[in-house]
Amino acid sequence: MTKPATAALTAPHHLSYTYKRSLGKVLSAFFTALRDRRFLGIRRANGSVLFPAKEYDPDTSESLSELVEVGPTGIVTTWVWVAQPRRQQPLAHPFAYALVKLDGADTPFLHVVDAGSESKMATGMRVRPRFCDVPKGAIDDFVFEPA
Amino acid sequence: MSAKEEQASGPVMVLSCPISLDYAYSAGQSASRFLRAIAEGKLLGQRCPVDGRVYFPSRGSCPMHGVTFGDDAVELSDKGTIVTFSIVRVPSQNIALPLPYITVNVLLDGADTILIHVLDAKLEDVHMGMRVQAVWKPREEWTTSTANILYFRPIDEPDAKYETYKEHI
Amino acid sequence: MREVAVVGFTQSPSLRREPDRNEIEILIPVIEALRKQTGLSSKDFDFVCSGSSDYLAGQSFAFVSGLDAVGAWPPVCESHVEMDGAWALYEAWVKIQMGYADTALVYGFGKPSMGDLPLTMALQLDPYVMMPLWPDAISIAGLQARHCLDAGLMKPEDMAAAAVRDRGHAKSNPYAQVKGDYTVAQILAEPFLVNPLRRSDCAPISDGASAIVLAAGDRARKLCDRPAWIRGIDHICEPMDFGVRDLGRSRSTEIAAEKAGAGRDKIDVAELSAPFTHQEILVERALGLSAKTKVNPSGGALAGNPLMAVGLSRIGECATRIWSGEADRAVAHATSGPCLQQNLVCVLEGN
């Protein structure tokens, strides 16, 4: 084993910067629709609808292009309760992360449910989006709440 | 239409993704000793047990041989020789000199590795082999930081012979 | 195929916080001990490969300093993966298979205690539609756990039992961090950390490092009385989208295990790198382990979780049991990405 160490100097280190990510055709349409409070999925070759829209099929890697409007309501397929949110997380008060399957979509996606209390959360519950006042075209423009 | 209004109605082309993380960084054993010494105005190097080279600053092991340094530290002079240099004309942070300034690789007397720092001198005067010395902040401002040395400045000593530093270019 | 074996393995103790040593100072004694164990010097390694993550250190190119523990003069043939050291071992194995090396040094190291690890892990997620929501790693794992519970694939008691088993085994592992005698009832009485996960369902946060030496053919026989021969190794990745994955089984582990030939013969020992109890159960099922296999004799990732080294250590823990004769055939598992996204399976044999 190693010899005992004497106390090392420590210093706070804050890492912060902003990536500017180019969106491309499909994601540009997806985020532009979000800014307009609409949800766009994309149809796969087997007819099912993938949400969020993606440029390619994650299983077959085929390019995808047929955008389909889904939602805005949906159901929670699984969830966790975050009792002590961190500074960076979307809400300052306790909330749920959940996988939400929007009506008309075949795949659930990760998002936030502002349910007020853990007892309001249940797998299978219906949720609807609540947008911020001025959506900018980003995934955190909205949260879900019990419908 | 202003750029902002256009952004609000045209397609969203770019997504801004801010990253923000907090760390409590630990300097570790070797760098802590080095930094505590520099708070006292001392420059500590460490000697490789395999070939005797003196590393400054040291991270605790010899990067050539992969062996741990012993506890013996080598105190170095704050005088040295310019091994190579460059003139900088683009702004940077935390530099004590105005633009344009000279960035230098200094071989401190007694060390076998170079220290990258800045030089306060006329641009036309700087040259390889030039003898220089550290200019420190006022003593009451010293902390456990390499920023205790503001910059290097030429001293009135004959140039070092090329053979004494050619290995470090 | 060339015969390649694990002939050396060392590790640091897994510690919740190693405040007084930096990553390199944690790594140096591990590499020095490995040199002593194998009698090899740095010059004897034809190839060096490491696994680490710059985000754990909060510094770009932090991995380069790892070479200070190895010694890189004269210049060495070297590579790095921004993944667990188990993937570095895979790269070294490929290098040896191609005939470019007969021996390789592989190491992994990490000091997650410097940051907020569960949050740092959010940066591995899709940067457009997931990461901006900053889901921490425990929440992400919890979504999978609830799915498994809701679907009736396991019960909270099964999850607690995995923690009880691993912590019990870890009592004999001087490098383990979480060990001791626990009961299922005791663990189920804990409050939720992130409902449905309790603290005991989560692997600890550990600072640490480990290292392995690989050698081919006769070189391995000279270095080791009973080399741990790698008879199969593969890694398989699933999409990141949770929506298109079956979170209730680990398909990528199943495929990797099949390709590595894990099920071709008995498995005496299995070492799993699943960082949550429900994931350990999913991996155990994907590997098709029976009651005859001793699972996680070291305690596994749930007993000590030095990120970027924990998977490599599983291979090392299997190898030590082959060397000692305790096992003839062992299976090691490593994972990467959210909810067991990518999995590596390595089959080791003594004969």
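In this predicted model, chain B meets chain A through 22 residues of its own, which are in contact with 25 residues of chain A. Strand β1(B) gives the most to the side of chain B that touches chain A, namely 13 residues. Chain A is also in contact with chain C, where 36 residues of chain A meet 28 residues of chain C.

**Chain B against chain A**

- Two elements of chain B, β1 (14-26) and α2 (28-38), each give two or more residues to the side that touches chain A.
- By class, that side of chain B holds 14 nonpolar, seven polar and one charged residues.

**Chain C against chain A**

- On the side of chain C that touches chain A, helix α5 (residues 137-150) of chain C gives the most, with six residues.
- This side of chain C has 16 nonpolar residues, together with six polar and six charged residues.

**Chain A: overall form**

- Chain A has one helix and nine strands.
- Read from the N terminus, its elements follow the order β-α-β-β-β-β-β-β-β-β.
- The radius of gyration of chain A is 19 Å, well over the 15 Å that the globule rule gives for 147 residues, so chain A is more spread out than a compact globule.
- Along the principal axes, the C-alpha atoms of chain A fill a box of roughly 65 × 40 × 35 Å.
- Of the 147 residues of chain A, 35% count as buried.
- Among contacts in chain A with a separation of 6 or more, 50% are between residues 24 or more positions apart.

**Chain A: strand pairing**

- Strand β8 (residues 126-131) of chain A pairs with strand β5 (residues 74-82) of chain A in the antiparallel sense, over two bridges.
- In that pairing, Val127(A) of β8(A) stands opposite Gly74(A).
- β8(A) also pairs with strand β9 (residues 142-146) of chain A, again in the antiparallel sense and over five bridges.
- Arg128(A) has Glu145(A), in β9(A), as its bridge partner.

**Chain C: overall form**

- Chain C contains eleven helices and twelve strands.
- With a radius of gyration of 19 Å, close to the 20 Å that the globule rule gives for 351 residues, chain C is as compact as a globular protein of that length.
- The box filled by the C-alpha atoms of chain C, taken along the principal axes, is roughly 55 × 45 × 40 Å.
- Of the 351 residues of chain C, 64% count as buried.
- Residues 24 or more positions apart make up 79% of the contacts in chain C with a separation of 6 or more.

**Chain C: the sheet**

- Ten strands of chain C form an open sheet with mixed pairing, in the order β3-β2-β4-β7-β1-β8-β12-β11-β9-β10.
- Its edge strands are β3 (78-81) and β10 (294-295) of chain C, each of which pairs on one side only.
- Inside the order, strand β8 (residues 228-237) of chain C and strand β12 (residues 342-349) of chain C pair in the antiparallel sense over eight bridges.
- The bridge partner of His235(C) is Leu344(C), in β12(C).
- Helix α1 (residues 23-38) of chain C packs on this sheet and touches β1, β4 and β7 of chain C, its direction making about 35° with that of β7(C).

**Chain C: the two domains**

- According to the domain assignment, chain C comprises domain 1 (4-116 + 205-223) and domain 2 (230-349).
- The C-alpha centres of these two domains of chain C lie 20 Å apart.
- Their contact takes 30 residues from domain 1 of chain C and 21 residues from domain 2 of chain C.
- On the side of domain 1 that touches domain 2, the elements giving two or more residues are β1 (4-11), α3 (85-97), β4 (103-110) and β7 (208-216) of chain C.
- Helix α3(C) supplies the largest share of that side, six residues.
- By class, the side of domain 1 of chain C that touches domain 2 has 17 nonpolar, eleven polar and two charged residues.

Key. Residues are numbered from 1 along each chain as its sequence is written. Chains are lettered from A and ligands numbered from 1 in the order in which they are written. This is a predicted model: local features need pLDDT of at least 70, side-chain atom pairs count only at pLDDT 80 or more; totals for chains, interfaces and linings use all residues. Two residues are in contact if their C-beta atoms, placed from the backbone, lie within 7 Å. Helices (H or I, at least four residues) and strands (E, at least two) are DSSP runs, numbered from the N terminus. Ala, Val, Leu, Ile, Met, Phe, Trp, Tyr, Cys and Pro count as nonpolar, Asp, Glu, Lys and Arg as charged, and the others, Gly among them, as polar. Two strands pair if DSSP finds at least two bridges between them. Domain bounds come from an automatic or database domain assignment. The radius of gyration is taken over C-alpha atoms; the globule rule is 2.2 Å times the number of residues to the power 0.38. A residue is buried if 20 or more other C-beta atoms lie within 10 Å of its own, exposed if 12 or fewer, and partly exposed in between; C-beta atoms are placed from the backbone. Axes are lines fitted to C-alpha atoms, for helices over the stretch in contact, and angles run from 0 to 180 degrees between N-to-C directions.
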